[in-house]
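Open the model in your viewer and keep the selection panel at hand. The tour moves from the whole chain to single residues.

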Amino acid sequence: MKPTRKGILGIAIAAVLVMAAAAIPVLGQGWGGYGHGEHHGRMMDRVMDRLELTEDQRAEAEALMTERHDGMKADIDQMRKAQAALAEAIHAAVFDEMAIREAAAVVAALESDLAVKRGLANQEFRKILTPDQQAELDEMHKRMREFGGGRGGYGHGPHGPNHR
């Protein structure tokens, strides 16, 4: 049976969320990231359902996410300020290449740090999972990468940057 666009999109969304399961709070407040809140919470619940986490696993995952979030509040604030400074540099009345590059470098350094922290959070989340759940997680990541155009990216699908 040929997968539908909705089915692929659902898998794609689930894969992104699973990959960032322990990191969603790292990037924002509560279960959401950068102010997305409840939307990410509902989607995370669906991901945990798909992996068929036990109640103990869910509690452990939620505790992990809360701990990660609490430890990252300052990083999140710093990232938001850096992104705002970059936007200001880009949209300044007078073009200043050096200012844009400097602001972009700050954002890049912060993104790099956050990527490492998300990777660590992902490893901690994987420890909660059984080998079968880890295999399902890996399969979800694979489908998501395929959906993202095979470039390692997620979420672009048939209307992403490579769409013709």
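In what order do the elements of the protein run from the N terminus on? The run is α-α-α-α-α-α. That makes six helices and zero strands. Helices (H or I, at least four residues) and strands (E, at least two) are DSSP runs, numbered from the N terminus.

Before you select anything, note that this is a predicted model, in which local features need pLDDT of at least 70, side-chain atom pairs count only at pLDDT 80 or more, and totals for chains, interfaces and linings use all residues. Residues are numbered from 1 along each chain as its sequence is written, and side-chain values use heavy atoms, with hydrogens and water left out.

**Whole chain**

Show the surface. Its accessible area is about 10000 Å² (Shrake-Rupley method, 1.4 Å probe; for residues, only the protein chains shown count as cover). Carbon and sulfur atoms hold 56% of that surface. Of the 164 residues, 36% count as buried. Buried means under 20% relative accessible area, exposed over 50%, and partly exposed in between (1.4 Å probe, protein chains only). Now think of contacts, meaning heavy atoms within 4.5 Å. Among contacts with a separation of 6 or more, 65% join residues 24 or more positions apart.

**The cores**

Select Leu 51, Leu 53, Ala 61, Phe 125 and Leu 129. In the largest nonpolar core, of 13 residues, these touch the most other members. Such a core is a set of buried Ala, Val, Leu, Ile, Met, Phe, Trp, Tyr and Cys residues joined through side-chain atoms within 4.5 Å. Helix 3 (38-50), helix 4 (55-90), helix 5 (97-128) and helix 6 (131-147) each give two or more residues to this core.

Stay on Leu 129. Leaving aside neighbours within four places in sequence, what is Leu 129 in contact with? The partners are Leu 51, Leu 53, Gln 57, Gln 134 and Leu 137. Apart from this core lies another, of eleven residues, including Met 72, Ala 82, Val 107 and Leu 114.

**Helix 4 and helix 5**

Select both helices. Their axes come within 9 Å and cross at roughly 175°. Axes are lines fitted to C-alpha atoms, for helices over the stretch in contact, and angles run from 0 to 180 degrees between N-to-C directions. The pair is therefore roughly antiparallel (angles over 145 degrees). Their contact has 21 nonpolar, three polar and six charged residues.

Next, pick Gln 83 in helix 4. Gln 83 is partly exposed, at 32% relative accessible area.

**Around helix 3**

Go to Arg 50, in helix 3. Arg 50 is partly exposed at 38% relative accessibility.

End at Glu 52, in the loop between helix 3 and helix 4. Glu 52 is not a glycine, yet has a positive phi of about 55°. Is Glu 52 buried or exposed? At 66% relative accessibility, Glu 52 counts as exposed.

Methods: Parallel < 35°, antiparallel > 145°, perpendicular 65-115°, else oblique. Nonpolar A, V, L, I, M, F, W, Y, C, P; charged D, E, K, R; others polar.
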